[in-house]
Amino acid sequence: MFQSILIFRNFRYLKWALAVSLFALISYFAFEPFDGNRNGGTWAGYALGTIGALLIVWLMWFGIRKRRYGGGGASVEDWLSAHVYLGLALIVVATLHTGFQFGWNVHTLAYALMVIVILSGVFGLFAYLRVPELMTQNRRGVTLELMMREIASLDAECRAAALPLGDEVNQLVLDAAERTKIGGGVRRILSGKDRNCPTGAAIRGVQHLAEHTVSDNAEGFRALLMLLARKEDLLGRARRDVRFKSLLDIWLYMHVPVSFSLLVALIAHIVSVFFYW
Amino acid sequence: MDILVTHLSRRAKGGVSRRIEELSVNTVRFGRNTSLEVYLPDPRVQLDHAVMLLRGAELFVEAVGQADIRVNGRPVRSKLLQTGDVLGVGPYDITILAPPEGKDAAIDVELVRPLGDDFEKLQARSILSLEEYGLSRRLWSWVGAIVTLLVFLIAPIMYFSAHQEQSVKQTAGVRPDSAWNSGPISGSHRFVSDQCNICHQEAFVPVKDEACGACHALTTHHFDAKTDTFSKVGKFVNFSKERCGACHKEHDENGNISITKQEFCIDCHKGLEQTVAGIDTKNAGRFDRDHPEFRPAVVIDSANKVFRRVKLDDKAALVEQSGLKFPHDKHLKKEGVRGPAGKETLQCANCHQLPHGAAGFQPIGMEGMCERCHQLVFDPRRPDRTLPHGQVMNAQLLLREFYSDYALRGGFEEQAPDVAGEAERRRPGSQPEITQGVRINPREWADSQAQKVADQSFGKIMCGKCHEVSTGVGLGPLNWAVVPATVTKTWLKHGRFDHSAHVDMLKCDACHAAEQSKSAADVLLPKIAVCKECHGDANATNQVPSTCLTCHAFHLPGQPLMGARERARADWNGVGILDVTAPAPEGEKN
């Protein structure tokens, strides 16, 4: 489906975006101001600025349009495909509008916020093109809840297997069952890893104990380690699943809030330009 | 001892099931080890956790190793147990019962804190999405939008509303509206760069000319917009209707507040002769191709300082009538000229001197220049006495007084042959006796001497060596007069040429053929072709890029004031906003 967003209607919106970009380039190079200073204050600058501002408002309207199921007019696929391509064209329009003049001011702030929004959108686009496939491969037909249920039942099996194996082993297994978690902070969610995972620590600890203690229950150790290894494998998959889902989400935490800051900065930019004309 | 052990387990739907064991052992051991008397299969219990034993008729409990046990909730290492005590081993509660008949002890064993549902606990510990973690798009959208609104829109507007004063101040710190600054302020305006309202006086109104006029009150026009010649031409751009800001754009990163593109000038000047009938200004385009030949302003009437612009090609008309005679070639002879201290070779800079801190040359004059050699000595017997330059009446008086004095001191006698022996002879060494007859004769002699020098010697030969002298009855008391001299300060009236920018790389004769010039009537201005040897078009890469503004200015001296500056000038006090608001010194306040 997401591949189809790019080739949607035989690249109709790519063509629109190219047309807008071409128009911006022609306006920029065709009108050389007498003072030689190309910036947002020339006629070409005003034209490009107007187009850019309208594009931003229209692109943000997508957030409202996509929530209206069955709304009339173009389909959400049309909107999304156009949102992607015209959002990319906005970089061309807005950059030429700046005349490549930047500074520490509200004008460049608006531009920088716009770039952040667009780049996060590009990240989101690639995430939607790549991640679902990885997610399917990782899940092997199992949902995250099922994985977690299996992890829980493995915990019970591990505990049972550890009961006859000495207090240290027992404590490690108990910790692995009671303190292992999936996800957590932003970094753990996004990395899909837990360097301090109690289950990993239990495997290392039990292995160490199995090698360094004299025990008549080698079979018990082996059985426990196999259970723990299965649990760790499942944990890895569950964590990757959480990571993949968060990759489909994380860019929106940039894309959406920054776009609202952008909208306000854009208003401040336009007001300030004409306030101090 | 004989002990009755009852394992209680509660069912999910209520009710209790019991499993009863009867043991006859020495000690009752509790732990996770299956070989123990009371097997407690929970990971929170140690393999060997606690031991219960009978001492006489009393029942004791002891913890094994470091294991934790509690009796009635209190941690203990060992304790005498009474009926009704509750022994805590891990998640198990072991209640001491009154022993039934024939038994030494009886206990209930119950798992009171089961491990619970692993799945639910795992779910509770895990945070599976960013949203669950607490990231909120809505919250951050609001925060970002409100902060941006306050900092970049509300604060600047409030600051502008509260600070309308027009005085220039050194402000400390960052003003809220400085975030609106779209680019650096150009050099000479930078002193007000942190006070937006000095220029942006009214909201949503383009910078007014009055704001510029507060300082630039005397900026002149490009032409006189009121003259008929221009107002009749429809196509003509009437600059007086433009704001200053239409051409002068501030806040540009390149720091250039003026239009420097020559196309701006050429747009009108390429066809000016056709657009404005009868205009004296010639059509002009890019310098390397379409610039007309120079038309220096030469003197045609030195007495009345009348100039006429003559094209350099027009050899016949190109005659400077300055009233002076000055052959450059004789003065610049390689072998030198006679100077006051022998031979000396003159350089251009002996007379044409570039002053410090001013444009153009210092004026050339008799004083300190010509007079070093051309001293106005009028009597060979007294080479130390000279006439004042440029003051004919004074010179005449000086001559009379000189010769009168000379005669009175006896010099008259030595001139006896000139006055036909009318003087009385006297012995050498004695003072002359002044008689009535003698007194008259020296005075006549002095007058005639003065007249002779004035009339013949200095009148024609001395002044006339350098000046044009006209003779005729009634021209002054001596029937002759020096034609007033006018030296052209600059031949080019509309172009600026800075000699100081050229003299460090070019010799004077690279442009000026002074060594071949025999007459002061020569105009030694080089043709434009000489300039073009180095100066090219604005886009030249192998020459000095030269635009109109390299030599010309837009606001021309002598033109009327431009636009709103005429109004601003009415109440302009000569120093602009800087002085208007200068605070009075402390002591002067009332």
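Strands are taken as DSSP runs of E at least two residues long, numbered from the N terminus, and two of them pair if DSSP finds at least two bridges between them. In the predicted model described here, β1 and β2 of chain B form a hairpin with five residues between them, and B:Gly14 in the turn has a positive phi of about 95°. The two strands run antiparallel and are joined by nine bridges, with β1(B) covering residues 2-10 and β2(B) covering residues 16-24. Within this pairing, B:Thr6 has B:Ile20 of β2(B) as its bridge partner. Of the nine residues of β2(B), the number buried is zero, so this strand lies largely in the open.

Chain B also contains an open sheet of five strands, in which the order is β4-β3-β5-β6-β9 and the pairing is mixed. Strands β4 (38-39) and β9 (78-81) of chain B stand at the edges with a single partner strand each, so that one side of each is left without a neighbour in the sheet. Within the sheet, β5(B), residues 50-55, and β6(B), residues 58-63, run antiparallel and are connected by six bridges, and B:Ala50 is placed opposite B:Ala63 of β6(B). In a regular strand the side chains alternate between the two faces of the sheet.

In chain A, helix α6 comprises the 13 residues 167-179, which at 1.5 Å a residue should span 18 Å; the end C-alpha atoms are 17 Å apart, which agrees with that expectation. The buried residues of α6(A) are A:Val169, A:Asn170, A:Leu172, A:Val173, A:Leu174, A:Ala176 and A:Ala177. Their cover includes α5 (144-162), α8 (198-212) and α9 (218-275) of chain A, together with α1 (118-125) of chain B, so that elements of both chains are among those covering the buried residues of this helix.

The contact between the chains takes 50 residues from chain B and 58 residues from chain A. On the side of chain B that touches chain A, the elements giving two or more residues are α1, α2 (130-133), α3 (137-162) and α7 of chain B, and α3(B) gives the most, with 10 residues. The residues on this side of chain B divide into 26 nonpolar, 14 polar and 10 charged.

Helix α7 of chain B, residues 263-269, includes B:Glu263. With 16 C-beta neighbours inside 10 Å, B:Glu263 counts as partly exposed, a class that lies between the limits of 12 or fewer for exposed and 20 or more for buried. The C-alpha atoms of B:Glu263 and B:Thr547 are separated by 9.2 Å, although the two residues are 284 residues apart along the chain.

Terms used: Residues numbered from 1 in each chain as written. Chains lettered and ligands numbered in written order. Predicted model: local features only at pLDDT ≥ 70, side-chain atom pairs only at ≥ 80, totals over all residues. Helix = DSSP H or I, 4+ residues; strand = E, 2+ residues; numbered from the N terminus. Expected span 1.5 Å × (residues − 1). Contact = placed C-beta atoms within 7 Å. Nonpolar A, V, L, I, M, F, W, Y, C, P; charged D, E, K, R; others polar.
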